[in-house]
Amino acid sequence: MNLKKMTELDIKGKKVLIRTDLNVPIKNGVIQSDARIISALPTIELAIQKKAKVIVMSHLGRPEEGCYTKKYSLLPIFEYLKKKLKRNKIYFSNDINKIKINEGEVLLLENVRFNVGELKNDENLSKKYANLCDIFVMDAFGSAHRKQSSTYGIGKFANIACAGPLLISEINTLKKALKNPQRPMVAIVGGAKVSTKFNVLNKLAQISDTIIVGGGIANTFLAIDYNIGKSLHEPEFISKAKKLRDKYNNIIIPIDSRVGKNFCHTEKCIIKLPCEIEKNEEIMDFGDKTIKKIIKILQKSKTILWNGPVGVFEFPNFRKGTEMIAKTIAQNNGFSIAGGGDTISVIDMFKIKSKISYISTGGGAFLKFIEGKKLPAIKMLEKKF
Ligand code: AMP
């Protein structure tokens, strides 16, 4: 992979636009997990130290393009950065047409997803971003699988486009981990984004010894044979799930589940077998028999890849499966990689950060990379080499 690297360029006095991934969970203006900001900071600090004119951009959540909403503003992140970079001047702006900045100063731009055309990779917007800088640095591994203006389109118009240190380190670590993994290797895929995660299962079934499915993905497997009531799943993927289940015998599907009637924080849980689930119930976590089974598998494994909580860990009564997975991985002495926004939140919640060998900032990008797909942002950077 031939990429121009930020660390090899002379960036002094240059306007350097860094696309970071500062997409952190924020509740009522309070940052819930700063893990992604912490990962992005060294690149920003390096650019400041090298006396570049540092412009930083990121997305946050999924706002409607063209509509400013406070909920999706990067303002809380700006306040956070101000405290972290207190020796440097740092500004915040939502104007992508003109920029005034001096050497060693930082300008954080407002959420790129407020800009019309960002998601569709609009050429005019990409050009506008490119005009802001002398050098574009792609450092958002978590967004490298997206073909959008700030991650991909900008590359066509930027004079120089290079990879940031975080992007390089993410790629190298994942490559190394996947090259000769210690066996047995177990992959855990949970969460709610069923359609985007389903495609990676085929590859994972080939490269790992066991796959543990949770969340909406597990529910889609259960829906092959059972009526699973209101449970989150993707009906269009049931036949794909059946093909996978019949082709590979290493996919662990829950044998019991914690179910509830209402999707709410105080909902009580009942443990049920898949055949017992009623129309008005939904699966929100693993049951105890499933937890016992997967703990045994995880205890024996030497490499663990983890993306996505296996239940609605935000609700106290539907947290146990995810909690036990987190704690069992923490106690395992093998190599563990975890990736994705909510997975990082789980790691923070159970305070096991130091026990995970590598935490990737990417969720979708992490899975796409495992799948063996070249990420669009990396393709773009290769073109600019
Ligand atoms: P993802 O971004 O795909 O990793 O999804 C994370 C989200 O999946 C979390 O907010 C969880 O609450 C949610 N989740 C996990 N399991 C379930 C489930 N069985 N039903 C509904 N949501 C779930």
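Which residues of helix 11 (residues 341–349) are buried? In this predicted model, they are Thr 343, Ile 344, Ser 345, Val 346 and Ile 347. The elements that cover these buried residues include helix 1 (35–49) and helix 10 (320–331), together with strand 15 (303–307), strand 16 (335–339) and strand 17 (358–360). Helix 11 is followed by Lys 351, which has a positive phi, near 50°.

In helix 3 (residues 123–131), the buried residues are Leu 125, Ser 126, Tyr 129 and Ala 130. Viewed down the axis of helix 3, these residues fall within an arc of 140° and therefore line one face of the helix. An α-helix has 3.6 residues a turn, so residues three or four places apart point the same way. Asn 124 and Asn 131 are exposed on the other side of helix 3. Cover for the buried residues of helix 3 comes from elements including strand 1 (15–19), strand 4 (53–57) and helix 4 (149–157). The N-terminal end of helix 3 is capped by Asp 122, with a side-chain oxygen 3.1 Å from the backbone nitrogen of Asn 124.

The cysteines were also examined. With a disulfide taken as a pair of cysteine sulfur atoms within 2.5 Å, the count comes to zero disulfides. For Cys 133, the closest cysteine sulfur is that of Cys 162, at 9.5 Å, which is too far for a bond. The closest cysteine sulfur to that of Cys 162 is in turn in Cys 133. Cys 133 counts as buried because its relative accessibility is 7%; Cys 162, at 0% relative accessibility, also counts as buried.

Note on methods
Residues numbered from 1 in each chain as written. Predicted model: local features only at pLDDT ≥ 70, side-chain atom pairs only at ≥ 80, totals over all residues. Heavy atoms only, no water. Buried < 20%, exposed > 50% of the residue type's maximum accessible area, 1.4 Å probe, protein only. Helix = DSSP H or I, 4+ residues; strand = E, 2+ residues; numbered from the N terminus. Contact = heavy atoms within 4.5 Å. Arc of directions from axis to C-beta. Polar contact = N/O pair within 3.5 Å; in protein donor to acceptor, adjacent residues only side chain to side chain.
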